[in-house]
Amino acid sequence: MQHDVLDPIELQHNGIYLTKFSGGTYNADVGEYQQRAKDVVEAIEAGVFELGHHRVYEMKDAVAAHIDLEGRRTTGSLVMVP
């Protein structure tokens, strides 16, 4: 499924923002970051983590996303796409 590219600056003008994980906040240096990243990849490959527990909703279905969230019918993140 192809999605349009979102410009984070344009989103901010509408009071919307994106967040992301910042590994630098928790790691002393690049070597530590790389080792931790390697550990995570190995854990994923070993089946320790399950990936893909998110649901994607189109913006036109925002009401349904809220209903599912409030009704506890979701696991993981809810992703809204244009």
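## The largest pocket

Ten residues line the largest pocket of this predicted model, and Leu-11, Ile-16, Tyr-17, Leu-18 and Thr-19 lie nearest its centre. A pocket here is an open set of points on a 1 Å grid over the protein atoms alone, where a 1.4 Å probe fits, with protein on both sides within 12 Å along at least five of seven lines; lining residues have an atom within 4 Å of a point. The space inside comes to about 340 Å³, a volume being the space filled by probe spheres set on the points, which are joined across faces, edges and corners.

What classes of residue make up this lining? There are eight nonpolar, one polar and one charged residues. In this scheme Ala, Val, Leu, Ile, Met, Phe, Trp, Tyr, Cys and Pro are nonpolar, Asp, Glu, Lys and Arg are charged, and the others, Gly among them, are polar.

## The second largest pocket

The second largest pocket holds about 180 Å³ of space. Its lining consists of Ala-62, Ala-65, His-66, Leu-69, Ser-77, Leu-78, Val-79 and Met-80. Helix H3 (62-70) and strand E2 (77-81) are the elements that give two or more residues to this lining. Six of the lining residues are nonpolar, two are polar and none is charged.

## The overall layout

Stepping back, the protein has three helices and two strands, in the order α-α-β-α-β from the N terminus on. Both kinds of element are DSSP runs numbered from the N terminus: helices (H or I) have at least four residues and strands (E) at least two. Of the 82 residues, 11% are buried. Buried means under 20% relative accessible area, exposed means over 50%, and partly exposed is in between (1.4 Å probe, protein chains only).

A couple of notes on reading the model: residues are numbered from 1 along each chain as its sequence is written, and side-chain values use heavy atoms, with hydrogens and water left out. Because this is a predicted model, local features need pLDDT of at least 70 and side-chain atom pairs count only at pLDDT 80 or more, while totals for chains, interfaces and linings use all residues.

## Salt bridges

Side chains of opposite charge can pair when their charged atoms come close. With a salt bridge defined as a side-chain nitrogen of Lys or Arg within 4 Å of a carboxyl oxygen of Asp or Glu, the count comes to five. In helix H2, Arg-36 pairs with Glu-32 at 2.7 Å, N to O; these two residues are four apart, about one turn of the helix. Glu-42 and Lys-38 form another bridge, at 3.0 Å, and they too are four residues apart in helix H2.

Asp-61 and Lys-60 meet at 3.6 Å. Asp-61 is partly exposed at 30% relative accessible area, whereas Lys-60 is exposed at 67%. Arg-55, Asp-68 and Arg-73 are linked in a network of salt bridges.

## Two surface details

Where is Arg-72 found? Arg-72 sits in the loop between H3 and E2, and is exposed at 79% relative accessibility. Most residues other than glycine have a negative phi. Arg-72, although not a glycine, has a positive phi of about 60 degrees.

Val-40, Val-48 and Phe-49 make a nonpolar surface patch of about 270 Å². Such a patch joins nonpolar side chains (Val, Leu, Ile, Met, Phe, Trp, Tyr) within 5 Å, from residues with over 30% relative accessible area and no salt bridge; areas come from the Shrake-Rupley method with a 1.4 Å probe. Val-40 belongs to helix H2 (residues 30-45) and is partly exposed at 40%.

Conventions:
Patch = residues over 30% accessible without salt bridge, like charges linked within 9 Å, V, L, I, M, F, W, Y side chains within 5 Å.
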